[in-house]
Amino acid sequence: TELSIMNTKGKLEWRLRMESMEGSVAEKNLLASGIEAVRFERGEAVLKVSAREARVKWDVGELSFQRGVFAKAIEAGREVAFLEAASLAWASQDKKLIGRGGVRFRRGAVEVFGEEVASDLRLEKVTIRGRATLRTRIGG
């Protein structure tokens, strides 16, 4: 099953593929399992998210992913950053990703483990909250 979410100008924002879903047109939401989501900006994929479960509220642009959440930032068709968390939420109003629980973030030579992360869609501007551990390679 596939669902495309467009913005008010008719541009593709999210494409979701899922194994199963149930939803309510009246309540403008759905629950999905086995989900793979791709976020688009200016026609290009910038983020790929996979999770075992997700809730989508399409009228307000909110997506929340749970259980086995993996996100990858994409630039020019290749992975440039990676985020793993117990849950990940996106609210188009705030334009932020919020990951919680067992967070692991990697970009380049930097890898951070923590409790909570707030980030932009491209996983460039990242704030780790709570107890965190940082690992990096030196010289190489």
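Student: How many helices and how many strands does the secondary structure of the protein chain come to?
Tutor: This is a predicted model, in which local features need pLDDT of at least 70, side-chain atom pairs count only at pLDDT 80 or more, and totals for chains, interfaces and linings use all residues. Residues are numbered from 1 along each chain as its sequence is written, and side-chain values use heavy atoms, with hydrogens and water left out. Helices (H or I, at least four residues) and strands (E, at least two) are DSSP runs, numbered from the N terminus. Along the sequence the pattern reads β-β-β-β-β-β-β-β-β-β, and the count is zero helices and 10 strands.

Student: What is the radius of gyration of the protein chain, and what does the globule rule give for 140 residues?
Tutor: The radius of gyration is taken over C-alpha atoms, and the globule rule is 2.2 Å times the number of residues to the power 0.38. The chain is as compact as a globular protein of that length, because its value is close to that of the rule. The C-alpha atoms fill a box of roughly 55 × 30 × 25 Å along the principal axes.

Student: What percentage of the 140 residues is made up of buried residues?
Tutor: Buried means under 20% relative accessible area, exposed over 50%, and partly exposed in between, with a 1.4 Å probe and protein chains only. By this definition, the buried share of the protein chain is 36%.

Student: Which residues have the most contacts inside the largest nonpolar core?
Tutor: A nonpolar core is a set of buried Ala, Val, Leu, Ile, Met, Phe, Trp, Tyr and Cys residues joined through side-chain atoms within 4.5 Å. In soluble globular proteins, nonpolar side chains tend to be buried together. Here the largest such core has 31 residues, and those with the most contacts inside it are W14, L16, L47 and F65.

Student: Which residues is L47 in contact with, leaving aside its neighbours within four places in sequence?
Tutor: Contact means heavy atoms within 4.5 Å. L47 is one of the residues with the most contacts inside the core. Its partners are W14, A37, V38, R39, A71, K72, A73, I74, L97, L121 and L123.

Student: Is E13 buried or exposed?
Tutor: E13 is found in strand β2. Apart from neighbours within four places in sequence, E13 is in contact with I5, M6, N7, V38, R39 and F40. Its relative accessibility is 18%, so E13 counts as buried.

Student: How far apart in space are R17 and T1, C-alpha to C-alpha?
Tutor: R17 has its place in strand β2 and counts as partly exposed at 46% relative accessibility. Leaving aside neighbours within four places in sequence, its contacts are T1, E2, G34, I35 and E36. R17 and T1 are 16 residues apart in sequence, and their distance in space is 5.7 Å.

Student: How far apart in space are V80 and R107, C-alpha to C-alpha?
Tutor: V80 lies in strand β6 and counts as buried at 16% relative accessibility. Beyond its neighbours within four places in sequence, V80 is in contact with A73, I74, E75, R106, R107 and G108. V80 and R107 are 27 residues apart in sequence, and in space they are separated by 6.3 Å.

Student: What is the relative accessible area of A85?
Tutor: A85 is found in strand β6. Not counting residues up to four places away in sequence, A85 touches V69, G99, R100, G101, G102 and V103. A85 is buried, with a relative accessible area of 7%.

Student: What is phi of K28?
Tutor: Most residues other than glycine have a negative phi, and most peptide bonds are trans. K28 is found in the loop between β2 and β3 and is partly exposed, with a relative accessible area of 38%. Its phi is a positive value in a residue other than glycine, near 55 degrees.

Student: Where is R67, and what is its phi?
Tutor: R67 is partly exposed, with a relative accessible area of 41%. The place of R67 is in strand β5, and its phi, a positive value, is near 65 degrees.
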